[in-house]
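Subject: Handing over a structure, with notes

Dear colleague,

I am passing a structure on to you, and my notes on it follow below. Please have it open while you read.

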Amino acid sequence: MLQAMRNKMHGWPAVVLLGVATFAMTFFGIEGYIESRADTYVAKVGKHEISQQDFQDRMNQLRQQLSAEQGDSFDPDAFEKPAMKLQVLDGMIDQQLLLKANEDWGIRVPDQAVRDYIAAIPAFQVNGQFDPNTYRTLLAEQRKTPEMFQNDVTASLATQALPNAIDASTIVTDAEIDHYLNLRMQRRDISYAVLPKPQPADATVTDAQIADYYKAHIADYMNPEQVSLQYIEVNGADLKPEAAPSDADLMKRYESEKQRFVQPEQREVSHILVNVPANATPDQQKAALAKADKIAAEATPENFAKLAAQDSDDLGSKRQGGDLGWLQKGVTNAAFDTAMFALKKGEISKPVLTPDGYDILWLRDVRSGEAKSFAEVRDQLLAEATAGDKDRKYNEVAGKLSDNTYQNPSSLEPAAQALGLPIKTTGLFSRQGGEGIAANPKVIKAAFGNDVLAQGNNSNLIELGNDDAVVIRVARHVAAAAKPLAEVHDAIGKTILDQRIQVAAKQQADTLLARLRKGEALTAVAASANASVKDVADMVRIQPDVPAALRKQAFLLPHPADGKPQYAAVDMHDGTYALLAVDKVQGADLGKVTPAERDTLRQQMTQAYGAVATQELIKSLRDSTEIKIAKDRM
């Protein structure tokens, strides 16, 4: 049959059929294949794609950061909300726009800035000094190489390059500072009288009125929904520790991990940097090399520090005579590393081209690699082994608790018997929480969740903290219900009476305010309501001896005109009103502002103006860049 078909596939019908098949493959098959492979980004900024992996990595980083900062109040579900995901993605888009602007405008982060930043991280320091061994060990624990971490730091610093440049170019004049101070420290002379509470026209509240109010506001008089819990807790602190490891076990561990305790070879180096501008022209490069050659020809161990202080473009080290301290392989860039390890002690290199420019190196000293003995690290190994055994024990028991309560979702008894752990209980508590574990937001959320409350199942394992977790189930559920009228009768009567007094107070204040605006004196109007007047001169926006409601309203009123005060009736938010008069407005007493305070304010204003300018730049970059967001892949 196949041969018969082959014999018939000749002539123009075959050509037409082949053409149709080719067309279909080209425009449907191949295009679909390409599209399915290409469109995997979460966002596309110009030609740069933000992958799903990059987006998830950023989400995980923020999740871990907020979890560490907020502790028990951390809500992991917030990261599942579309608004949060879009906020994180917007931040990544802004960063990419800034990185692209750096590339277009020839802005880059010097290697020295990266080294200085890393060296200043406290976690990498021992006795206040950068320690390469600690640096390497901590990175290994995070499964990162020095190169990976340096790239992360470079990217982070690169996103700040433009904002920092904008801040550095922002100028705040003395006139702007004076203008701000005149607003912030403006002084106002005020007079005010707090009016006593008036008696309402009707001071009697009947049972019928209370019953009507109760029916109309029943939602305000509800006992909240409550639950009490049974729970099993596994706490690492309560678990019996395993037997301490023997010296033989520790020695075995030492031998297998000996590389951890080797101090790598280090070199004490000073350098002189001749900067080469980004996107430098051939003439600029020649000029930089000529300058570097001249310095290298003059340099000796005796005058190196002087030349560095005089000629080096590395602002971070020139004040120390070019001293970079003790370095090991991987801390600097490849070209610098190669030159540094090619030198002998006391030698000065010829100019070496690095990403920062031309470097002239002086190798001052060499420290060979050394391994710490077993005796030196025994206590460290013991602590690590003990902590590891404790973690394994906790993880084992917590895992068994999770498995058992999942396999027996309607009871905690099987897990309690299998693990020898007690079943504990809580008192009744509402969605606002209670005492003990009932104060933990994760427990509250699970207790009132559908799976535990409505379905009656055990919860998943809930982490309360490090090495501390529980599984809960609802022991008792009390539905929300209205409080009996008899229980709230008196409270409702008081509420109705307070509302009548509030209405009467407002009416009284409005009537007295009208008299003030017609020209009567504040003292006379206040006296008619049995209130006294207080005068405050030179009141500023932050003045504790004046009620906040009065201060706020005083600075909202217009300036007095033609010698006539500005008046207002002010709700004091305690059932009373006050009459307020603004008599005079003056600018700040600038003589009281010290030079140090002005400098601090200038810095704050510079940062604020710079932040606004940065946002305007990012908006402009967004407007000029094609940005695509795939919300379905977030």
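Does His477 count as buried, partly exposed or exposed, going by its relative accessibility? His477 counts as partly exposed, at 40% relative accessibility, where buried means under 20% relative accessible area, exposed means over 50% and partly exposed lies in between, with a 1.4 Å probe and protein chains only.

Before going further, please keep in mind that this is a predicted model, in which local features need pLDDT of at least 70 and side-chain atom pairs count only at pLDDT 80 or more, while totals for chains, interfaces and linings use all residues. Residues are numbered from 1 along each chain as its sequence is written, and side-chain values use heavy atoms, with hydrogens and water left out.

Confidence and overall form

The average pLDDT of the protein (the predictor's confidence in each residue, from 0 to 100) is 86, and 92% of the residues score at least 70. Confidence is lowest in helix H1 (residues 2–8), with a mean of 34, and highest in strand S19 (residues 566–571), at 97. Over residues 1–37 the pLDDT stays under 50, and the model has 6 contacts for them beyond four places in sequence, a contact being heavy atoms within 4.5 Å.

The protein holds 21 helices and 21 strands; these are DSSP runs numbered from the N terminus, helices being H or I with at least four residues and strands being E with at least two. Its radius of gyration is 37 Å, whereas a compact globule of 634 residues would have one near 26 Å; the value is taken over C-alpha atoms, and the globule rule is 2.2 Å times the number of residues to the power 0.38. Along the principal axes, the C-alpha atoms fill a box of roughly 100 × 90 × 80 Å. Of the 634 residues, 35% are buried, and among contacts between residues at least 6 apart in sequence, 73% join residues at least 24 apart. The accessible surface, from the Shrake-Rupley method with a 1.4 Å probe, comes to about 37400 Å², and carbon and sulfur atoms account for 53% of that surface.

Strand S1 and its partners

Strand S1 (residues 41–45) runs antiparallel to strand S2 (residues 48–51), and 4 bridges join them; two strands pair if DSSP finds at least two bridges between them. Within this pairing, Tyr41 stands opposite Ser51, and the bridge partner of Val45 is His48. The two strands form a hairpin with 2 residues between them, and in the turn Gly46 has a positive phi of about 65°. S1 also pairs with strand S21 (residues 627–629), in the antiparallel sense and over 3 bridges, with Ala43 opposite Ile629. S1 is mostly covered, as 4 of its 5 residues are buried.

Helix H6

In helix H6 (residues 132–141), the buried residues are Pro132, Asn133, Tyr135 and Leu139. Seen down the axis of H6, these residues fall within an arc of 160°, so they line one face of the helix; the arc is that of the directions from the helix axis to the C-beta atoms. Just after H6, Arg143 takes a positive phi of about 60°.

Two exposed loop residues

Asn530, in the loop between helix H19 (522–528) and strand S18 (534–539), has a positive phi near 60° although it is a residue other than glycine, and it counts as exposed at 71% relative accessibility. Asp562, in the loop between helix H20 (548–554) and S19, is not a glycine either, yet has a positive phi of about 55°; Asp562 is exposed, with a relative accessible area of 77%.

Gly322 lies in the loop between helix H12 (304–311) and strand S10 (323–327) and is buried, with a relative accessible area of 0%. Not counting residues up to four places away in sequence, Gly322 touches Val269, Ser270, His271, Ala308 and Ser317. Trp362 is 40 residues from Gly322 along the chain, and their C-alpha atoms are separated by 9.2 Å.

To return to His477, its place is in strand S16 (residues 468–478). Leaving aside neighbours within four places in sequence, His477 is in contact with Glu225, Gln226, Val227 and Leu453. His477 and Ala383 are 94 residues apart in sequence, and from C-alpha to C-alpha they are 46 Å apart in space.

With kind regards
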